[in-house]
Protein chains: 2
Amino acid sequence: MTTTVNQIATMRRILQKEGRQKSLGLVPTMGSLHEGHLSLIEQAAQECDRVVVSVFVNPLQFGPGEDLDRYPRDLERDVRLAEEAGADWVFAPRVEEMYPSGIRTTVQVSRLTERLCGAHRPGHFDGVATVVSKLFHIIQPDKAYFGLKDAQQVAVIRQMVDDLNFPVQVIPCPTVREEDGLAMSSRNLYLSPKERKLAAVIPQALDDATREREAGRLKTPQEAIKRIRDHMETIPELVIEYVDVLSYPELEPVPSIENRSVIAAVAVRLGHTRLIDNRIWSKEGRR
Amino acid sequence: MTTTVNQIATMRRILQKEGRQKSLGLVPTMGSLHEGHLSLIEQAAQECDRVVVSVFVNPLQFGPGEDLDRYPRDLERDVRLAEEAGADWVFAPRVEEMYPSGIRTTVQVSRLTERLCGAHRPGHFDGVATVVSKLFHIIQPDKAYFGLKDAQQVAVIRQMVDDLNFPVQVIPCPTVREEDGLAMSSRNLYLSPKERKLAAVIPQALDDATREREAGRLKTPQEAIKRIRDHMETIPELVIEYVDVLSYPELEPVPSIENRSVIAAVAVRLGHTRLIDNRIWSKEGRR
C-alpha cells in the first residue's frame, strides 16, 4: 500500500523509523506520470528495498511565460500508478512546504548548463539543482533515478553530485517511447491530434542521423546537425529551437563525432508545446 | 586515539562502519587550531558519541590578494590539540582530493551575504557554503559546530541548512577571547607585538557600545556605529573596513536597535592583518 506524505517532517520521521539497513530509491518527478516515469519506479523497486516517488511541480525551474500554471496535475492518478509500479511512498509536498519563505540558497552548476535547454531556459537548471538538493536531503536515498529524455538534466545532476559529494548514486534510465517513437513526456498531453501525429518526425530525424553516423556518413557535428535540421524542416508546423551535437556528458563542442561519446539533442515547438528529444551516440557506436 | 584521514573514500568507509546508531559531531576548521576551536571540539565531544574535526584551508573562500598562501598550517600540532579536546578523527584532505577537477557546482546564499564581510570579500561566502555542503555530505554529521566570532558565517550556514533541508543541526558557539578581550583567531599570529597590543581596542569599543546600549543611551544603528567608530579611531594604526549594526540573523538594516536582536560587527586592518569581531545584542539586552 502506497502512503502519500505531504509534510517534510512526516517524511523524515517515516524514513527514520525504517532505519538505514534497508536500501532506499528515489524517483523525483513533477507528477502527471507516464510510462517513462513508471519504468524508473519499476527499476527502483527492483534495485532498492524501499522506493519514494516525489511529485512536485517545482516553480523554481519554470521561467516567466513558461507552462507552470497549466502543467498537468492529477495526484490521485499519480499515486495509483506509482503504487502499481512498486512505490512505497509518494512524497507530494505543497509549494509552501518546500519554499516556506521563498528561498535564498541556490545550487548552481556552471558550464554544462550554458548550452541546449540551459541556453534557452535561463535559471532552469539552477531550479532543478536546488530542488533535487532539497529532495536528496529530505529523503536521503541511496540511489536516485532519472530518465535520459532529459539528458542534460542527468549530466547536470551527476556533476552536482560529484562536485558536492552527495552520498547518492545517480542512475540514468533509458527514454521510454510511444509506438511511433515519440519520447514519453507529460507535455505530450498538450498536443492536438494533428500536432501529435507530426511530432513523430522528431524521433525519425534522430533515428535517421543515428543510422547515418553508424554507417560512417556523418563525421562532424555540423554534418549531423544539418541532417537532423533538414529532416525536421520537412514539417513546416514544427519550429526548431535548437539542434546541437556536443560531447556527452560534458556538453562541450567537439570537432568530430567519431570515436567519442556525443549527444544529438533537439528542442522544438509544435503550436504552444515545447518538446525535447536526444540520442546519445556512444564512442563505440561508430563502426 | 585520534586518527588522521586524508581520503574522502576512507573517511566514508570509517564512518559507515561506525553505523548510524551513534551520534556524530563535525567541527569544520581551517586548522591552526586555537582555544576557540578547542571549545567547539569539547562541546561536540560532550554532546555527540563521535567527533570529526575537519582541517582544510579552502581555496574557494579566499579572494585574489588574500592570505591563502601564508595562512598558517601545522597539521601535526592540530591533530595533537584536536585529540586532547576529544576528537575521534581529523579529516584533513588535500586540495586535489576536495577539488579533483576544479568545481563547477557552487552553493550560493543571497541577501545576507551581501553585507559586512560579504560586501568586502566577493565570493567568500559562496566558497564557504560550497565547502560546508561538501563536508556535510562526506561526514553526514548530526550536529555541526561553528564559532560566533564568524557570526555572518553562522547566519549564512543556518540559512543554507534551512533552505536546502540539510539533515544537520547547526550549533553556534560563543566566541573565545584572549585575556584582553581580543577574539581568538588564527590570524592573530600575523600581528607584531605592537599591533597585538593595539588590537585590544576592538573588543573594548564593542564592550563600551554594549554597555551604552544596555544603559539605553544608544537607540539607533547610526548612534551605535558612531560610538564604535569614534572609539576605534583613537588608534591611528587601525584602518576600519566596516562598522555596521544590522538585524541578526537576517542581517538587514533596522531603524532602531531597541527591542530586537541585532549584531554590531566590525572588520579592521592592522598592518597587513584583517581582524573581525562582533557582539550580538539580544532583544532582551535593552533594559
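Predicted model: local features only at pLDDT ≥ 70, side-chain atom pairs only at ≥ 80, totals over all residues.
Colleague: Is Gln61(A) buried or exposed?

Modeller: Gln61(A) carries the feature "binding site" in an unreviewed UniProt entry. The residue is found in the loop between strand S3 (50-55) and helix H3 (75-85) of chain A. Buried means under 20% relative accessible area. Because the relative accessibility of Gln61(A) is 9%, the residue counts as buried.

Colleague: Which residue has a side chain joined to that of Gln61(A) by a polar contact of 2.9 Å?

Modeller: Leaving aside neighbours within four places in sequence, Gln61(A) is in contact with residues including Met30(A), Glu66(A), Arg121(A) and His124(A). The polar contact of 2.9 Å links the side chain of Gln61(A) to that of Asn58(A).

Colleague: Against which elements of chain A do the buried residues of H3(A) pack?

Modeller: The buried residues of H3(A) are Asp78(A), Val79(A), Leu81(A), Ala82(A) and Ala85(A). An α-helix has 3.6 residues a turn, so residues three or four places apart point the same way. The packing partners of the buried residues of H3(A) are strand S1 (3-5), helix H2 (35-47), S3 and strand S4 (89-91).

Colleague: What is the volume of the largest cavity?

Modeller: The count comes to 1 cavity of 30 Å³ or more. Residues of chain B line the largest cavity, among them Leu15(B), Glu18(B), Arg50(B) and Trp89(B). The lining divides into 3 nonpolar, 2 polar and 4 charged residues. The volume of the largest cavity is about 70 Å³.

Methods:
Residues numbered from 1 in each chain as written. Chains lettered and ligands numbered in written order. Heavy atoms only, no water. UniProt positions renumbered as here; feature names shortened; annotations may be inferred. Helix = DSSP H or I, 4+ residues; strand = E, 2+ residues; numbered from the N terminus. Buried < 20%, exposed > 50% of the residue type's maximum accessible area, 1.4 Å probe, protein only. Contact = heavy atoms within 4.5 Å. Polar contact = N/O pair within 3.5 Å; in protein donor to acceptor, adjacent residues only side chain to side chain. 1 Å grid on protein atoms, 1.4 Å probe; cavity = no way out; pocket = protein on both sides within 12 Å on 5 of 7 lines; lining within 4 Å. Points joined across faces, edges and corners; volume = space filled by probe spheres on them. Nonpolar A, V, L, I, M, F, W, Y, C, P; charged D, E, K, R; others polar.
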